[in-house]
Amino acid sequence: MRVALAVFALLGTSWAQGPPGRSFPSRADMDAGKKLWDANCAVCHGEEGKGARGPDLTTGRFSHGGADDDLSRAIRNGIPGTEMPGFPLNEMELTQVVAYVRALGRTTLPAPAGGDAARGEALFLGAGQCAACHRIGNSGARVGPDLSSVGLRLAPVDLLASLVRPDERVAQQYWYVRLVTSGGKIIIGRRLNEDSYSVQLIDTQDRLVSVMKDDLKEYRLIKNSPMPSYEGKLSQEQLRDLVAYLASLKGTP
Amino acid sequence: MKTTATVALCLACWLPAGGQVTSERLLHPEREPQNWLTYAGSYRSWRYSTLDQIKADNAKNLELTWVYQLESLDKFEATPLVVDGVMYFTQPPSDVIAVDARTGRAFWTYRYRLSGNVGVCCGRDNRGLAILGDTLFLAGLDGALVALDAKTGKETWKTQVADPSLGYSFTMAPLVVKDKVIVGPAGGEYGIRGFLAAFDAATGKEVWRFNTVPGPGEPGHDTWTADTWQKGGGSIWLTGSYDPEQNLIIQGVGNPGPDWNHTARPGDNLYASSVIALDADTGKLKWHYQFIPNDAWDWDAMQTPVLIDAEWQGQPRKLIYWAHRDGLFYVLDRTNGKVLSGTPFVKQNWWEGFDANGRPRISPKALPTTAGTLVYPGVQGGTNWYAPSYSPRTGLFYFSVWADYYSIFQEGALDYSPGRRYNGGNVRQPLAYNRNITLSPDETQGYGAVDALDPKTGKTIWQVKFADLTEGGVLTTAGDVLFTGNREGYFDAFDARNGRLLWKASLGGYLAAGPITYSVDGKQYVAIAAGHGMYVFGLRD
């Protein structure tokens, strides 16, 4: 699940000082992204992204990968075997266009409002099994992002997007690693720290684990979300309930 | 990865199950010498480890494994904890860091938000943490007790216990007994009224409180006159010990306030400068012994009580070994607080023996006057909070001393103002409290040393002198290695049997903390806080 806005607010990222990396876009970036879209993309994908010669980009589904990196790569390099050409944009411009594509995608989400927070909580703790990875207050597992105050950070529409399109953008501190030791032991968890010789993580059983890299025969960084999309798994009503509950989480004063 | 697998694996993992460090584990640290679960290594506070990979004959092969540099220039007095390969330590004033004990790489850091206006006499220190279940306990400098999730560093509760604007602060590592977290405030130089209090580990709610300066209606109140008890000191700034068989917390209590104007507070001033034994469930006083009635020198009983079952004059006894700031080594009976012996281990001129009840006969010539009185030991004491160690292999008690050291104590005016210093006098000493450059030692000024003392006789068996004074704690191991260090910045290994230097490392900064040892994957390490870094050593592979 994304914790986009909080990270952005905390870091107060200034893009003028360096490449944007995986920072999160501002309103000004969206505006710049729209200009780039109008100039380069609208001719094929339509002014509102609904598709013409190129496919509809508002559905949240992308046949060549839906993570930010995938979209950037497709825009920069084009997509072989299709009519999609590459565009000579710089890193900042790419991030801005991707931000705008995300904004177009939001227009097709159902209205997130009107859910019942109490039913959402029951779903979170019960059938949804959300607490198997997420912690709220002092209960739930720790391997996924802590959601105690997610309602302060994400607007309902972004909460909904996180539930149905969890891979869109996973903040770097939530990337997983999958490790296989030379003895064949598989270790999976959220990466906490890493250097040239070792990697630290919290594994799927909430243990703090440190592994020396020279004891690994496989190291894989997982940048997309280990959480599945709940689109189709939960009804529209259930999604709205869950959003209402998550939006109500404001931490402890 | 497949989320279904994660869900299946993890559904059980966050359900309450007593957590990682049960109170049973805390009772039996001898079953897991690879870990260091409490401030002094065990409830009886021997700071001794049965690990023996590092021995007297191979300690010369110690080498640096890792260093963790702090982001703080405050004095680093912390003892770390090690739990199943994870090391937890505090960064002064009150941050907490969790690192991989093999590499020093951080899992998480917790930054304490310090409220303004904290008055501290002697540095913005913190001496460590306690753990129970999956929760760490931190006593924050500004008087709040905090519980942190040991896996993430997230606060699970925070209880504001004492008011920092009145001079209360926390610097000690809390003590966990059963389901309670026990802590008391520093601030003896600020006219506080001390206490030791227990908090529910799950909720942070106060369960009991023992006032170290009794109020009206509490036993001992008659050892104070008028309203002197209201700012009578009796601070607590070092972790006590716990006797599970008697269910007693054995805790030293700080000096009475004002420090050096004893005539302003006539009476014995209980329970200042005493050891108290409290029922761990209720906080009720079982017994006490006052080392110095009406203490005039700021000689808090802020030393680690070392609990031992041993023969005393032919009888098996439950004892406490106590090297006190006042320059005497005491042996006490911990079933009743009776003093069995007291032997000076440094030059002293205040104590003239005990009366029939074990009360010290204090030399009137050593009491502070307005003109000034020269007293041995000096204000910092013959020893102080520096962690001692007891090795069952040698039967010796090891600790840092300030020998042949004096101060001139001057009684002065009372000057109470809330939250301000309340010393009632002045102290001058020939030894600078903080020296970055050690000048030629002068035998009239005293010296620092590590002492190996026979607790049966109180006699020093061997001693290693340092050029500078020492605030180092001591660790001994089953490899007969004694680790300590000093203000010169050396971290030393000595042969615990004879004091022979085995190995040393210059860490380049003031060392004022207690070492610990632990092991991970079968390799033994030694850790010490020094300067502004946590240093860890192991044998060359």
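This is a predicted model: local features need pLDDT of at least 70, side-chain atom pairs count only at pLDDT 80 or more; totals for chains, interfaces and linings use all residues.
1. **Make-up of chain B.** The secondary structure of chain B amounts to 2 helices and 38 strands. Its radius of gyration is 22 Å, close to the 24 Å that the globule rule gives for 541 residues, so chain B is as compact as a globular protein of that length. The C-alpha trace of chain B spans about 80 × 50 × 50 Å along its principal axes.

2. **Burial and contact range in chain B.** Of the 541 residues in chain B, 57% are buried. Take the contacts in chain B between residues at least 6 apart in sequence: 59% of them join residues at least 24 apart.

3. **A four-stranded sheet.** Chain B holds an open sheet of 4 strands in the order β7-β8-β9-β10, with antiparallel pairing. β7 (130–132) and β10 (155–160) of chain B are the edge strands, and each pairs on one side only. Direction ignored, neighbouring strands of this sheet are turned by 20° against each other on average.

4. **The β7–β8 pair.** In chain B, β7 and β8 (residues 135–139) run antiparallel and are joined by 3 bridges. B:A130 has B:F137, in β8(B), as its bridge partner.

5. **Contact between the chains.** Chain A brings 28 residues to the contact and chain B brings 22. On the chain B side, α1 (3–10), β5 (95–100) and β6 (106–110) each supply at least two residues. α1(B) gives the most, with 5 residues. By class, the side of chain B that touches chain A has 12 nonpolar, 5 polar and 5 charged residues.

6. **Helix α5 of chain A: length.** α5(A) covers residues 91–106, which is 16 residues. From first C-alpha to last, α5(A) reaches 23 Å, close to the 22 Å expected at 1.5 Å a residue.

7. How many of the 16 residues of α5(A) are buried? The count is 12, so α5(A) is largely enclosed by the rest of the structure. Charged side chains are represented too: the buried residues of α5(A) include A:E93 and A:R102. Among the others are A:L94, A:V97, A:V98, A:V101 and A:L104. The buried residues of α5(A) pack against α2 (27–40) and α4 (68–77) of chain A.

Definitions and conventions:
Residues are numbered from 1 along each chain as its sequence is written. Chains are lettered from A and ligands numbered from 1 in the order in which they are written. Two strands pair if DSSP finds at least two bridges between them. Axes are lines fitted to C-alpha atoms, for helices over the stretch in contact, and angles run from 0 to 180 degrees between N-to-C directions. Two residues are in contact if their C-beta atoms, placed from the backbone, lie within 7 Å. The radius of gyration is taken over C-alpha atoms; the globule rule is 2.2 Å times the number of residues to the power 0.38. A residue is buried if 20 or more other C-beta atoms lie within 10 Å of its own, exposed if 12 or fewer, and partly exposed in between; C-beta atoms are placed from the backbone. The expected span of a helix is 1.5 Å times one less than its number of residues.
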